[in-house]
Amino acid sequence: MFSYKTHGTCSQQILIEAEGDVLTHVEFIGGCHGNTQGVSRLVQGMKIDDVIAKCKGIQCRAGTSCPDQLARALELYQASRKEA
């Protein structure tokens, strides 16, 4: 499981699991429970690149949002897989 500490959002952390390039589990720790639970369910089964394209740049406060933080986390996740 990949863990990402969020910045500038109400949520504090995002936990990510994937099989290949498809998300199998996304869990936000903290934040607006209904919204983060909804985002998590919507992206399950999606390709990582598609989620990044849809979520990157969405604004809520402080120049970011929970979906934007998810996109950033997924970019780091992909980079970590390439290094391994």
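## How the sheet is built

In what sense do strands S1 and S2 pair, and over how many bridges? In this predicted model, S1 and strand S2, which spans residues 11-19, pair in the antiparallel sense, and 4 bridges join them. Within this pairing, Phe2 has Ile16 of S2 as its bridge partner.

The sheet as a whole is open and is formed by 3 strands in the order S1-S2-S3, with antiparallel pairing. Strand S1 (2-5) and strand S3 (22-30) each have a single partner strand and stand at the edges, so one side of each is left without a neighbour in the sheet. On average, and with direction ignored, neighbouring strands of this sheet are turned by 20° against each other.

## The nonpolar core

The largest nonpolar core holds 19 residues, and the members that touch the most others are Ile16, Leu23, Leu70 and Leu74. Two or more residues of this core come from each of S1, S2, S3, helix H1 (33-43), helix H2 (48-55) and helix H3 (66-83), and the largest share, 6 residues, is given by H3. In soluble globular proteins, nonpolar side chains tend to be buried together.

Ile16, already named as the bridge partner of Phe2, also has contacts beyond its neighbours within four places in sequence: these are with Met1, Phe2, Leu23, His25, Leu70, Ala73 and Leu74.

Helix H2 has Ile48, Val51, Ile52 and Cys55 as its buried residues. Because these residues cover an arc of only 100° around the axis, they lie on the same side of H2. The cover over them includes S2, S3, H1 and H3, whereas Asp49, Ala53 and Lys54, on the other side of H2, are exposed. Just after the helix, Gly57 takes a positive phi of about 90°.

Leaving aside neighbours within four places in sequence, Thr64 is in contact with His7, Gly8 and Thr9, with Ile58 and Gln59, and with Gln69 and Arg72.

Definitions and conventions: Residues numbered from 1 in each chain as written. Predicted model: local features only at pLDDT ≥ 70, side-chain atom pairs only at ≥ 80, totals over all residues. Heavy atoms only, no water. Pairing = 2+ DSSP bridges. Axes fitted to C-alpha atoms, helices over the stretch in contact; angles between N-to-C directions. Core = buried A, V, L, I, M, F, W, Y, C linked by side-chain atoms within 4.5 Å. Buried < 20%, exposed > 50% of the residue type's maximum accessible area, 1.4 Å probe, protein only. Contact = heavy atoms within 4.5 Å. Arc of directions from axis to C-beta.
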